[in-house]
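Q: Please take a close look at one part of this model, the metal site and the segments around it. What holds the site, and what lies around it?

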Amino acid sequence: MSRKTINVKSNSGTYEVVIGSGIFDEEIGRMAQKSKHDSLFLVIDENVHTLHGDRIIAALKKHTTDLHLIRVPQGESSKSISFWEKTVGFLLNNGVRRNTPVFVAGGGVTGDLGGFAAATALRGVPLYHIPTTLLAMVDSSIGGKTGINHEMGKNLIGAFYQPECVIADVEFLKTLPSAEWINGLSEILKYAAIRDKTIFNDAEIFFDENPAAIDNLKLTDLISKCVLIKADIVQQDEFEGGVRAFLNFGHTFAHALERACGYEKVSHGEAVFLGMLAAVKLSNLTGSRLSDNHLQKFCSLYHYRVSKEELSYEELIHNMAADKKKTDRFIRFVLLNEWQHPVLKTVKDKTLVREALTVVLNEL
Ligand code: ADP
Ligand code: ZN
């Protein structure tokens with residue numbers, strides 16, 4: 001059994017992220033010993049419930065006779081005010097108390113929704129993240145962002161709320177559809193680009209025919225490297241005022257593209273990969289000299305469902321200017337001075353942005 005533990009410091013204390021294969025039952029046992037509780041709550045993605053519910057429920061039932069469970073339908077529409085209300089109602093109606101542990105098992109959708117329900121019920125109950133997608137393991141389960149969508153835009157309602165612990169058992173990933181592996185790969189490549197070039201080599205394991213067959217040790221090591229970087233950045237900047245912005249490398253383009261595609265025809269990971277290609281191009285157009293494009297070799301792993309003809313430069317540029325992270329009227333990008341040397345740059349010349357976007361559209 002391989003296992004890595006990474007401590008993440010936050011304003012509200014330090015929590016552990018434990019990564020490994022087959023660690024789930026033992027980690028639940030460790031948690032149960034530390035916690036004083038009668039009942040336990042589980043907020044679980046419906047597909048994870050079908051595929052791994054038996055194992056998760058059995059592990060929790062060893063530590064309570066009073067387990068309450070709610071299933072979260074897959075898809076972004078679960079991150080709604082009405083489903084948040086339903087989830088908080090489920091906690092309150094079943095007698096959740098200030099010390100009752102709430103486990104949230106699933107990908108980013110369930111993590112954001114369940115995390116926000118845990119943050120808001122009784123002004124906060126102990127939250128345990130059980131990420132089951134690669135994206136959630138390397139990104140969304142770390143750093144305390146929780147939230148739901150509003151008709152005005154994505155993630156506009158939420159809270160920074162740190163978990164008690166994050167348990168990332170790579171065994172759960174074995175049932176992930178291949179598009180979901182690639183979705184997570186983009187964030188992994190992002191860490192390689194902004195911080196650690198060795199991750200580019202490590203990520204070559206995704207060229208294997210079947211990601212589910214990737215060696216657990218290699219997977220654990222790779223996820224741990226990513227978590228370490230994210231932990232380092234978020235603990236320097238818990239509430240997103242400074243260096244945390246570097247985690248948005250590729251994301252200004254990505255958000256514009258996702259919005260243009262109505263959040264349907266392109267996944268977050270696909271958009272982030274394309275966004276990183278555009279950011280590399282824009283870096284070079286604004287004075288950097290990035291040598292050989294390390295991202296290029298991963299292009300063959302992405303299969304887009306959207307075509308160039310469905311998108312317009314004007315709409316994409318308009319969407320970028322409307323990005324909620326914008327602080328002035330020019331568009332601010334995370335670019336690279338050098339590989340692994342991110343920098344925030346305001347780009348005033350829209351023709352350069354347009355030129356960088358051609359790189360994205362030519363991939364489609
Ligand atoms: P993300 O983590 O990419 O933000 P979601 O929460 O939307 O993603 O989950 C993506 C999809 O993967 C959903 O359909 C969800 O039900 C499914 N899913 C989550 N975890 C697993 C798993 N371990 N095996 C198979 N499917 C999973
Ligand atoms: Zn992202």
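A: Helices (H or I, at least four residues) and strands (E, at least two) are DSSP runs, numbered from the N terminus. The model is predicted: local features need pLDDT of at least 70, side-chain atom pairs count only at pLDDT 80 or more, and totals for chains, interfaces and linings use all residues. Residues are numbered from 1 along each chain as its sequence is written, chains are lettered from A and ligands numbered from 1 in the order in which they are written, and side-chain values use heavy atoms, without hydrogens or water.

Start at the metal. The zinc ion (ligand 2) is held by Glu187 through OE, His251 through NE2 and His268 through NE2. Donors here are N, O and S atoms within 2.8 Å of the metal (3.2 Å for Na, K and Ca); water is not among the atoms, so sites may look incomplete. Along the sequence, the spacing of the donor residues reads E-x63-H-x16-H. Glutamate 187 sits in helix 6 (residues 178-194) and histidine 251 in helix 9 (residues 251-260), so this pair ties together parts that are 64 residues apart in sequence.

Now check accessibility. Buried means under 20% relative accessible area, exposed over 50%, and partly exposed in between (1.4 Å probe, protein chains only). Glutamate 187 is buried at 0%. Histidine 251 is buried too, at 5%.

Helix 9 comes next. Of its 10 residues, 7 are buried, so helix 9 is largely enclosed by the rest of the structure. The buried set is His251, Thr252, Phe253, Ala254, Ala256, Leu257 and Glu258. These residues pack against strand 8 (153-160), helix 6, helix 10, helix 11 (313-321), strand 10 (331-338) and helix 12 (350-363). Contact means heavy atoms within 4.5 Å.

Look at one residue of that set. Alanine 254 belongs to helix 9. Its relative accessibility is 0%, so alanine 254 counts as buried. Residues up to four places away in sequence aside, alanine 254 touches Ala271, Val272 and Gly275. Leucine 352 is 98 residues from alanine 254 in sequence, and their C-alpha atoms are 17 Å apart.

Follow the chain out of helix 9. Glycine 262 comes after helix 9 and has a positive phi, near 60°. Tyrosine 263 lies in the loop between helix 9 and helix 10. Phi of tyrosine 263 is also positive, near 60°, in a residue other than glycine. Tyrosine 263 is partly exposed, with a relative accessible area of 37%.

Then comes helix 10 (residues 268-285), with 18 residues. From first C-alpha to last, helix 10 reaches 25 Å, close to the 26 Å expected at 1.5 Å a residue. The expected span is 1.5 Å times one less than the number of residues. Helix 10 is mostly covered, with 14 of its 18 residues buried. Just after helix 10, glycine 287 takes a positive phi of about 115°.

Go back to helix 6, which carries Glu187. Helix 6 packs on helix 8 (residues 216-236) at an angle of about 55°, with the axes 10 Å apart. Axes are lines fitted to C-alpha atoms, for helices over the stretch in contact; angles run from 0 to 180 degrees between N-to-C directions. That angle makes helix 6 oblique to helix 8. Under 35 degrees counts as roughly parallel, over 145 as roughly antiparallel, 65 to 115 as roughly perpendicular, and the rest as oblique. On the helix 6 side, the contact is made by Trp181, Ile188, Tyr191 and Ile194. Helix 8 supplies Leu219, Leu222, Cys226, Ile229, Lys230 and Ile233.

One more residue of helix 8 is worth a look. Asparagine 216 lies in helix 8. At 18% relative accessibility, asparagine 216 counts as buried. Its contacts, leaving aside neighbours within four places in sequence, are Ser2, Ser21, Val170, Glu171 and Lys174.

Helix 6 holds Glu187, and helix 9 holds His251. Helix 6 and helix 10 are among the elements that the buried residues of helix 9 pack against.
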